[in-house]
Amino acid sequence: MKHITYLLLITLLLVGLFISCQTEEVSPPPVVSELKAYPGKYRVKVEFQAPKESKSGKVFYGNGKFNEFTIDHTETTQTLIVEELTEGEQIIRVVTFNDEGISSDPKGTKVTIYGNSFQSDLTNRMLVTQRTISPTSIEMIFGDKIRDEEVGVRIRFKNSSGEQDSVMMNSANNSIIIDNIDLSEIYYFCSVYKPSTDFIDEYVTSPINAKEAAMKKFEKEIWKITGSSDEGSGSNSGYIIDNDASTVWYSQNNSSPHWIKVDMQSEKIFEGFLFLQTEELTNTSFTKGFRLETSSDDENWEVAWEGNLKANSYRQKITFQERAVARYFKITVLNGYNSTTPSPIAEIDLFNELETSGTNGQTLPALENAKFPFEGDGSDLFPAVGANRMQKVTKWIHNSNTYISFDSGNFCVWSAAVWGVSLVSNGKIYQTLYFLPGSYVLNIDAGHTTNPACVDMYGIVAKGTTLPDYNTVTSATEVLGYSDLVAKQLSINSIPFTIEKASDITIGVVYNTHSIYEATGIPWSDMFIKGFELSTK
């Protein structure tokens, strides 16, 4: 009996030891520690510290996807890259396995993955200007960074040893000096972005040809006059590039061409020029025949444009047939509109698709609300003949007995005495603009009238701030030009006019309406205007 009891105790002890060993063997390894995930473009860099019991592991992402890895215990921190992730927030989970394949509990972290959508809104910094320090050294000056995510501007170039090279300007800076650069070769710049400071990749904007970009920056302040046929009457040739519209160069006379040469200090790309004759308020002497030539060496010249300038005091824009690439340009006054007086030039500027060297002078004033569809003031003057038909036109002055039919944006003077919309005598609708001296054209696109007998109408340009009465239009001294719109209905009425002294000029129509009801049975009288437009002559 004692023997049996002894054997039973031994058996129970062995079973307990076996169970104890089994429990110890199935214990999982601890979870990883110091888990970090660094975002990238469609990928992530994962770092963590693995417990010594771990031999391998898996990193899970997306909808059950995972990558397997082997733990290198010679490294304190394990690092791996997970590719082909989708944009947006991702949860990264890491588990490890011991020698027996028992896994740890998962350890997770969130990370935002970036893709092409971030790239779509990125733009390059603006290259403001460039300064040549030596034949192999330049300073590039940029505008402020556009977005906080920008980390810098990278310049790629070929160095003087013929090797490809690059430098990086930190985003906090606006300029960088580049030494050992071969300026005969094309060089580029681009902006570099990172959505976050721990981003493992970088976004790069499309490279810009910096050499060409620098050629499109005019730096007018360093232009120099290098030659002139004459210095004019009490003026000097430097006035044409001083960015001051009030200073004017005059040719000595109009007996022969007069020229001025300008050195821009380096080659520039330009597609045309802006020209300002003068802004003197009583000057009617204008340059007419004009030529602009270009050169890269100050010896061989090509004609970029030759023709007649407009006779007015507003800024004129001339576009070449082909863009010019040149360091020098020469302007020549061939003749003037007045053969007995000097020809003026207040300012000349160049332009390309990126910028202009200056915007001196004013642009020709424009009539407001002057084309179909016209905008009415919503006054609804005679609702009995139709809601909102009878209104006044915004931006135009109307005398007290004047209104128009405003159906669907039309400008139509209209009366119907038998319906209570009284006839109009000496009606006036007009705008007043301030004009500088010059020659101009008012084009009035006249529509139709129901019957020529139902209306009289003149289109008029007059001095001052109002229009003359209808019966004085053809004789009034203040009238600069007019046209009988009824006689020339369904056509463009061109009214040329000249202003010798800067002043207020009034533009519009004067009209009368007559009843044709007794003769034709038509109760209304009308006349349509399709539009008004000012241009230079």
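Is Cys 412 buried or exposed? Cys 412 is buried, with a relative accessible area of 2%. Please keep in mind as you read that this is a predicted model.

**Cysteines**
- The count of disulfides comes to 0.
- Cys 412 is in no disulfide, and its nearest cysteine sulfur, 8.9 Å away, belongs to Cys 454.

**The open sheet**
- Five strands make up an open sheet with antiparallel pairing, in the order β25-β28-β33-β30-β31.
- At the edges are β25 (397–398) and β31 (479–484), each of which pairs on one side only.
- Within the sheet, β30 (residues 455–463) and β33 (residues 503–513) run antiparallel to each other and pair over 9 bridges.
- Val 455 has Thr 513 of β33 standing opposite.
- In general, strands of a sheet pair through backbone hydrogen bonds.

**The nonpolar patch**
- Val 418, Trp 419 and Tyr 517 come together as a nonpolar patch on the surface, and their accessible area together is about 300 Å².
- Trp 419 sits in the loop between β27 (411–415) and β28 (427–435).
- Trp 419 has 44% relative accessibility, so this residue counts as partly exposed.

Terms used
Residues numbered from 1 in each chain as written. Predicted model: local features only at pLDDT ≥ 70, side-chain atom pairs only at ≥ 80, totals over all residues. Heavy atoms only, no water. Pairing = 2+ DSSP bridges. Helix = DSSP H or I, 4+ residues; strand = E, 2+ residues; numbered from the N terminus. Patch = residues over 30% accessible without salt bridge, like charges linked within 9 Å, V, L, I, M, F, W, Y side chains within 5 Å. Areas by Shrake-Rupley, 256 points an atom, 1.4 Å probe, with all protein chains shown as cover. Salt bridge = Lys/Arg side-chain N within 4 Å of Asp/Glu carboxyl O. Buried < 20%, exposed > 50% of the residue type's maximum accessible area, 1.4 Å probe, protein only. Disulfide = S-S within 2.5 Å.
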